Amino acid sequence: MTAGSVLLLEHWRSALLALWLAIAIGAAGHALLTRRDPRAAWGWIAVCWLFPFAGPALYFLFGIDRIRTRARRLGMESRLGSASGPLHEQDVRNRADKGAHAIPMWLEEVARTADRLTGLPLLDGNRLRLLHNGDETYPRMLEAIAQARQSIALATYIFDNDDLGRRFVDALAAAAERGVDVRVLIDGFGQHYSLVPMTRRLRRAGIATAVFNRPRLLPPSLHLNLRNHRKLLLIDGETGFTGGINIGRRHLTRDAGIRRPAADLHFELQGPVLAQLAEVFAEDWRLSANENWTAPPLRALPVEAGAACRAITDGPNEDYDHLSMVLQAAISAAHREVMVMTPYFLPPTAMVAELQAAALRGVRVDVILPARNNLPFVQWASRHMLGELLRHGVRIFEQPPPFNHSKLFAVDGVYAQIGSANLDARSLELNFELAVEVYERAFAQSLGAHFTAVRARSREITLDEIQNRSLPVRLRDALCWLFSPYL
């Protein structure tokens, strides 16, 4: 090699080193300034420095929160800074007959927390109906679609391309043919749970279909996170459905032909809260389809009393940490009991502390998890942290198969939350979720009755059981727990 070639090679090395340093400093600095979790910040900074060029490239593809930027650009932060809670004329706390609709005194702090976070009023006059599994949920949804006259808005994380999914497409197509405005929103990652995405069949049927945060190579958008996990069906401003159930045969627990059914809860709603749910769909549709959608006028129920409800959105955008903060406020306010049912249980440290503190002050805190999880590594990670809860008096139960995907949260037989969120980092930090908080004794007590029935057939986990795991099992659980922010 000639002296000139050596000199040229040294120049290239110096240029590449300078380029790598500039890119690594820029990417690591961006992670330092924008990541909310110090563990995530440290992780991405290490990746950027330990893997020349590849590390910053991975951060660019997977670490930058583009959804927040796009949300701001589309004006989705308009609710922030607006009049909140009881400053709204329609808020239940402004009713003249306040006695029949009052929020219990010990839950006022919970209501005020959600006031500030959501900027939305608590609206009374709502009806809610608990639906078990797809066996009860799908017939009610299909019936509502068949009766639609003006508008159908459907958002789901998974829309399976199976016989059940095709029934929904046929029902939606029939509605569109009779002049109903039909719109379907599917998550960009969730659509690929089927080899042939249902979006193709929907579009062939003439149904307006949008995909939320579609993965693509150019321009690069390959996020496994930032998923729209919300489940929502709105019919004519009259009836709505939300909860944990996607669209697919897996939720038909009475069908003997399904090898691994998933039990779940879903809810039918009527009343003023549908306007808030419609706003959620409109924002998601605008973000995904780049067009506006306006819900039909709300049809008032012929009743004055009913549940006081409010929508709570959560996601890695302007709504970050909303659900965690409201849940923690509710746990902190509990006097008698806290009931939690979730398939994936990896709550943030602050929520763990609230559950421990509630148990220590004499509140009965019960958590029901599935005995057999469809994601074993999440179950193993969860087992690593159960000891800290059991040691402080929190009771943990495992319910027998089939796998239960239900999300349920109730406090003192008065307050409840329903929706799509699990108690793990993916739901509370990485996904876009939807919950409805409900203040009504009858509804909260109906959830409590379901919870009690499930607990009666479940097995309680003891502290000895957790402490006496073998060393290989403890190492496996701890290793999975180490990655819990990303599971």
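Below are some questions and answers about this structure.

This is a predicted model, in which local features need pLDDT of at least 70 and side-chain atom pairs count only at pLDDT 80 or more, while totals for chains, interfaces and linings use all residues. Residues are numbered from 1 along each chain as its sequence is written, and side-chain values use heavy atoms, leaving out hydrogens and water.

Q: Why is I466 called buried?
A: Buried means under 20% relative accessible area, exposed means over 50%, and partly exposed lies in between (1.4 Å probe, protein chains only). I466 has 4% relative accessibility, so I466 counts as buried.

Q: Which residues does I466 touch, leaving out those up to four places away in sequence?
A: A contact means heavy atoms within 4.5 Å. By that rule, I466 touches R383, L386, G387, L390 and I461. I466 itself lies in helix α16 (residues 463-467); helices (H or I, at least four residues) and strands (E, at least two) are DSSP runs, numbered from the N terminus.

Q: Why is F53 called partly exposed?
A: F53 has 34% relative accessibility, so it counts as partly exposed. You can find F53 in the loop between α2 (38-50) and α3 (54-63).

Q: What makes the span of helix α8 agree with expectation?
A: The expected span is 1.5 Å times one less than the number of residues. Helix α8 (residues 163-177) has 15 residues and should span 21 Å; its end C-alpha atoms are 21 Å apart, so the two agree.

Q: Which residues of α8 are buried, and what covers them?
A: L164, G165, F168, V169, A171, L172, A173 and A175 are buried in α8. Their cover includes α7 (133-147), β2 (151-156), β3 (181-187) and α9 (198-204).

Q: What is found at the start of α8, and what follows the helix?
A: At the start, a side-chain oxygen of D162 reaches to within 3.2 Å of the backbone nitrogen of L164. A polar contact is a pair of N or O atoms within 3.5 Å; within protein, one must be able to donate a hydrogen and the other to accept it, and residues adjacent in sequence count only if both atoms are side-chain atoms. After α8 comes G179, with a positive phi near 95 degrees.

Q: How many helices and strands does the chain have, and what share of its residues is buried?
A: The chain has 17 helices and 17 strands. Of its 487 residues, 55% count as buried.
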